[in-house]
Amino acid sequence: MKPLPEANVNERESRVFAAWREERLSPDAKRAMRLALTNVVQKTARPKALSVSQFFGRTVFSYRRSVAGAFSLILLVSAGVGVVSASEQALPGGVLYPVKTKVSEPVRGWFYRTPEERTQWKRVLIERRLEEADTLASSDTLGEVESQQISELITKHRDSLEADGVDENEVEQFLETRGRKTRVEVNEDRGERRYRVVRREEEQREELSEHESEEESENEADEDEAELRESEQGNVSEQDREEGEERKGETQSRAVREKARSEKESKKSARSKQSDTSAGDSKSRESDNSGSQSDDEEDSDSEDHEDDGDDQDDNDRDDDDSDDSDSSGKGS
Amino acid sequence: MNRNDIEQGFFELYESESDALFRFVFFRVNEREAAQDIVQESFTKLWESLNGKTHIENPRAFLFRIASNKVIDRYRKKEEYSLDLLAESGFDAPSETSIAPDAALDLKQATVALKRLSPIAQEVLLLRYVEDWSVKDIAEHLGVSSNVASVRIHRGLAEWRQAVHRISSVTPKQRRII
């Protein structure tokens, strides 16, 4: 049903309304009434409604546990009411993003009292980061800066979760699979796990054949070398994704590649650690310390053969690029 | 989040809404004293409800609803006023000094006309045109949809115009009888 149009009042009527509007309590009456109300207020017991917040001119009474109400109080207190509430939608790279991550989210976290709620809120934060990354990736605005911001925050949230006793595998599995357009790469850098948000390679597969950049030739050498190594360890699919991103030539992947060069071993170690915990654990630690490629190959080689079975399916699904590696993988 | 905040919120509401509430009541009961009493009772009741209820999302709506009910209770207790009675009992008309002479007559008629309307019509007109409430807020106050509220406003305005016309079209001699 269409809403009715506003009724029209003519000028005389408007004047009548204006005259009516001038009617009010006399100052004396108002004061007297306020006094009387103060008496009433002081006599009564503590009201059960425990919090008050001013929200766009309305007064909202709500329970202490009502996070929305308490949060509104914070909105009142913080300098810019509109700023904080608007920041809820902010994306990395945006002006309000720092407000969102440094003010809005921590403040909301304060109102969760039980450990379970707090842990859950941290999970929510990680999910938020991934959604932000996805949104940016969809509109093609996921640059190095934004990825950096998100990745650092994810690392922070993750550390916080770990302090709560949450299993790191659970988190990482979530990170790997959650994003539709992005995924989170785990890098172990000097014993510390770092996360990096990257675009999922699937979207770029179509563009690979058409795309030509100077980095392609550079990457090819890289790629062959890497594929060789990768195939020996059976992690071809992962490597392909990395290479695919590099070929696309995004600034994001450039940095990935640079970092990946030094951290490829660590990453593979991390992956093998995931699938083969205890044995892989010590092995990856060793390769971290050594840092040399040959060592790593020897070390992880034996372990990752166990991965071959798992990754075989991935290999089969890969496109042309992996053909070489497939055969050599079988050969090794 | 403590009692002081509640108190403060309560009195802030008082400062911002007491005049509006007074108008809302006054134009319907037409006695200043009675209107003041109802305003005070309404605020008191709001405060008491804060003791009992866990969550009052919209205190202003709550407040006006209380006042509305009190006005209706008063209607039930008293008999219908006649124009005559009003005039003799010193009916407090709004100040007319700011309005031109021929319009002044209109104002008195307009005010009386309002009194003759149904309670719902009175409410929607006062809230919409004097207090500038949105249709949405009025709908919430009435407990109906925005569309229904909009219809009520249209009807209320029509009713009022009819009443004004009836009053103003009567010759001065006949006015006493109406």
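Tutor: Arg158(A) counts as buried, because its relative accessibility is 2% and the cut-off for buried is under 20%. This is a predicted model, and that holds for every value that follows. Arg158(A) makes a salt bridge with Asp159(A), and the closest N and O atoms of that pair are 3.8 Å apart. Asp159(A), at 40% relative accessibility, counts as partly exposed.

Elsewhere in chain A, salt bridges with shared partners join five residues into one network: Lys100(A), Glu105(A), Arg128(A), Arg129(A) and Glu132(A). Two of the pairs can be followed through Glu105(A). One is the salt bridge between Glu105(A) and Arg128(A), where the closest N and O atoms are 2.7 Å apart. Glu105(A) belongs to helix α5 (residues 97–110) of chain A and Arg128(A) to helix α6 (residues 115–138) of chain A, so this pair ties together parts that are 23 residues apart in sequence. The other is the salt bridge in which the side chains of Arg129(A) and Glu105(A) meet, at 2.9 Å from N to O. That pair also links distant parts of the chain, with Arg129(A) in helix α6 and Glu105(A) in helix α5, 24 residues apart.

Glu105(A) has a relative accessible area of 2% and so is buried. Arg128(A), at 15% relative accessibility, counts as buried too. Arg129(A) is also buried, because its relative accessibility is 0%. Over all chains, the structure holds 19 salt bridges.

The setting for these pairs is chain A, which has 15 helices and four strands. Among the contacts in chain A with a separation of 6 or more, 62% are between residues 24 or more positions apart. Chain A exposes about 17,000 Å², and carbon and sulfur atoms supply 49% of that area.

Chain B can be described in the same terms. Its secondary structure comes to eight helices and zero strands, so the order of elements from the N terminus, by DSSP runs, reads α-α-α-α-α-α-α-α. Buried residues make up 52% of the 178 residues in chain B. Of the contacts in chain B between residues at least 6 apart in sequence, 63% join residues at least 24 apart.

Ser49(B) is found in helix α2 (residues 32–52) of chain B. Its relative accessible area is 15%, and therefore Ser49(B) is buried. Apart from neighbours within four places in sequence, Ser49(B) is in contact with Ile56(B) and Phe62(B). Phe62(B) is 13 residues from Ser49(B) along the chain, and the C-alpha atoms of the two are separated by 9.7 Å. Contact here refers to heavy atoms within 4.5 Å, which is why a C-alpha separation of 9.7 Å can go together with a contact between Ser49(B) and Phe62(B).

Conventions:
Residues are numbered from 1 along each chain as its sequence is written. Chains are lettered from A and ligands numbered from 1 in the order in which they are written. This is a predicted model: local features need pLDDT of at least 70, side-chain atom pairs count only at pLDDT 80 or more; totals for chains, interfaces and linings use all residues. Side-chain values use heavy atoms; hydrogens and water are left out. Helices (H or I, at least four residues) and strands (E, at least two) are DSSP runs, numbered from the N terminus. Buried means under 20% relative accessible area, exposed over 50%, partly exposed in between (1.4 Å probe, protein chains only). A salt bridge is a side-chain nitrogen of Lys or Arg within 4 Å of a carboxyl oxygen of Asp or Glu. Accessible areas come from the Shrake-Rupley method with a 1.4 Å probe; for residues, only the protein chains shown count as cover.
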